[in-house]
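Have the model open in a viewer, with selection by chain and residue number ready. The stops below are given in the order in which to select them.

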Amino acid sequence: MSATDKLPGTAEREQPGPIRHKGPGPAESGWVDPRRRGHGGRALALHRVTGLVIVVYLYLHLGVLSMLLIGSSAWGSFLSLVTAKSFLALEVVLIAAVLFHGLNGIRVALVGSGLAVSRERAMFWAGTAIGTAAVIFAALHILGAL
Amino acid sequence: MTTSVSTQQETRRFRVYRYKRGDGGERFDEFEVPVGPHTTVLDALRWIQRHRDPSLALRHSCLHASCGTCGVQVDGREALACVCAVRDQGAQITVEPLANLPVLTDLVVEMHGFFERFPHAHPIIRSSGAPADADDGEVHLEGTHEITLDVPSAVPLHHHPHHDRHRAAPPGADFVRLEDCIECGLCLSACPVAATSHDYVGPAALAAAERLLEEPRGVRREDVLAWASRPEAVWRCHVGFECTKACPADAIPAERIMALRRELMFGGPDDEESKR
């Protein structure tokens with residue numbers, strides 16, 4: 001069959017149509033779908049977000065440490081800033097991110113190795129419970145209630 | 001079915017995705033649809049097609065969740081429209097085509113990219129049954145070709161009524177429905193990894209590969225494992241379990257992906273040989 005013998009509409013059908021994507025923004029955000037996801041999908045999205053938070057914190061931390069090169073006066077004024085209650089609240093957020101990332105990472109490592117697959121949901125909720133309790137304890141401790 | 005829908009008084013507002021080639025891009029059309037207690041999303045879409053807009057394109061066939069052709073997103077969640085009850089949804093229901101596959105028109109996606117992902121060695125014989133003589137660990141199936149297959153005696157097979165020479169599994173044996181996948185594409189649509197990685201072969205193809213390990217049908221085990229261990233295959237999964245949640249046939253694709261990983265990490269073909 002020659003090209004001219006093709007059925008009507010063949011050329012149009014060969015053009016790729018649009019691909020529907022999930023996510024709030026462009027196609028690259030498809031993994032962040034806030035609509036009716038299960039615990040696994042939400043855990044995956046939160047795992048990526050907390051991973052980014054931890055990476056950003058790492059570079060901030062390195063930047064802050066470089067202030068020591070400037071001298072003790074710069075470091076002292078910085079310390080007065082970061083010991084404010086509002087700044088300490090960010091520490092609680094960081095601890096929550098680290099705990100979620102770590103605990104969910106254990107779950108992903110086990111399940112992703114084919115171990116305890118049937119208990120992955122239970123592990124998720126157990127990790128969430130442990131992490132929540134630890135964050136509450138840390139918040140009370142850091143913000144001075146303990 | 002459509003007649004019974006139209007006699008009901010209660011209505012729901014449907015937002016339906018529309019796309020026609022050369023027709024100004026994508027949009028959503030809204031329709032007020034009368035519904036009853038047993039109306040499905042597919043009933044409602046067919047009502048729209050017959051009473052409001054005949055140009056609405058949708059794909060369906062069996063009407064009982066067997067053929068897997070009517071997969072759509074209902075309020076962002078993958079579902080077979082034929083068994084998705086309207087009463088379980090909200091007052092406004094958004095219906096979109098499956099994600100991660102190109103749209104042909106309206107709610108119809110091009111499934112070629114879905115089937116293309118399956119392992120090329122996947123056998124075309126679809127029937128399954130417990131062996132007529134399970135003791136010798138071999139099954140003889142006749143189809144287009146006659147193939148002699150090695151089947152581990154530990155793998156329970158479900159009885160197929162059309163294969164008289166296959167007997168049912170022994171009493172008390174656990175039945176594992178190895179043929180449950182209806183290839184509807186819902187898992188690929190729900191997969192958060194497939195959303196950003198079009199190279200990823202996806203849950204259905206990996207589950208099919210794992211099924212080949214359980215019931216090889218003449219396919220070499222090491223070929224399946226080599227296929228599954230490619231970078232765009234089993235290691236791309238990020239353990240979101242959305243595929244298992246979306247699967248309407250309980251084919252447990254996520255669990256099968258994890259079983260493949262376990263096989264790759266802890267039990268290769270050499271280990272398996274040594275067990276025999």
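A nonpolar core is a set of buried Ala, Val, Leu, Ile, Met, Phe, Trp, Tyr and Cys residues joined through C-beta atoms within 7 Å. Buried means that 20 or more other C-beta atoms lie within 10 Å of a residue's own, with C-beta atoms placed from the backbone. This is a predicted model, in which local features need pLDDT of at least 70, side-chain atom pairs count only at pLDDT 80 or more, and totals for chains, interfaces and linings use all residues. Residues are numbered from 1 along each chain as its sequence is written, and chains are lettered from A in the order in which they are written.

Select B:Val41, B:Ala81 and B:Leu206 first. Among the 82 residues of the largest nonpolar core, these touch the most other members. Next, show α5 (residues 203-214) of chain B, the helix that gives the most to this core, with eight residues. Helices here are DSSP runs (H or I, at least four residues), numbered from the N terminus. Domain 1 (2-109) and domain 2 (115-122 + 179-275) of chain B, with bounds from an automatic or database domain assignment, both contribute residues, so the core lies between them.

Now turn to the two chains. In contact (C-beta atoms, placed from the backbone, within 7 Å) are 27 residues of chain A and 30 residues of chain B. On the chain A side, α2 (39-65) and α4 (85-112) are the elements that give two or more residues.

Finish on α2(A). Its buried residues include A:Gly40, A:Leu44 and A:Thr50. Their cover includes α4 and α5 (120-142) of chain A together with α7 (242-246) of chain B.

Definitions and conventions. Two residues are in contact if their C-beta atoms, placed from the backbone, lie within 7 Å. A residue is buried if 20 or more other C-beta atoms lie within 10 Å of its own, exposed if 12 or fewer, and partly exposed in between; C-beta atoms are placed from the backbone.
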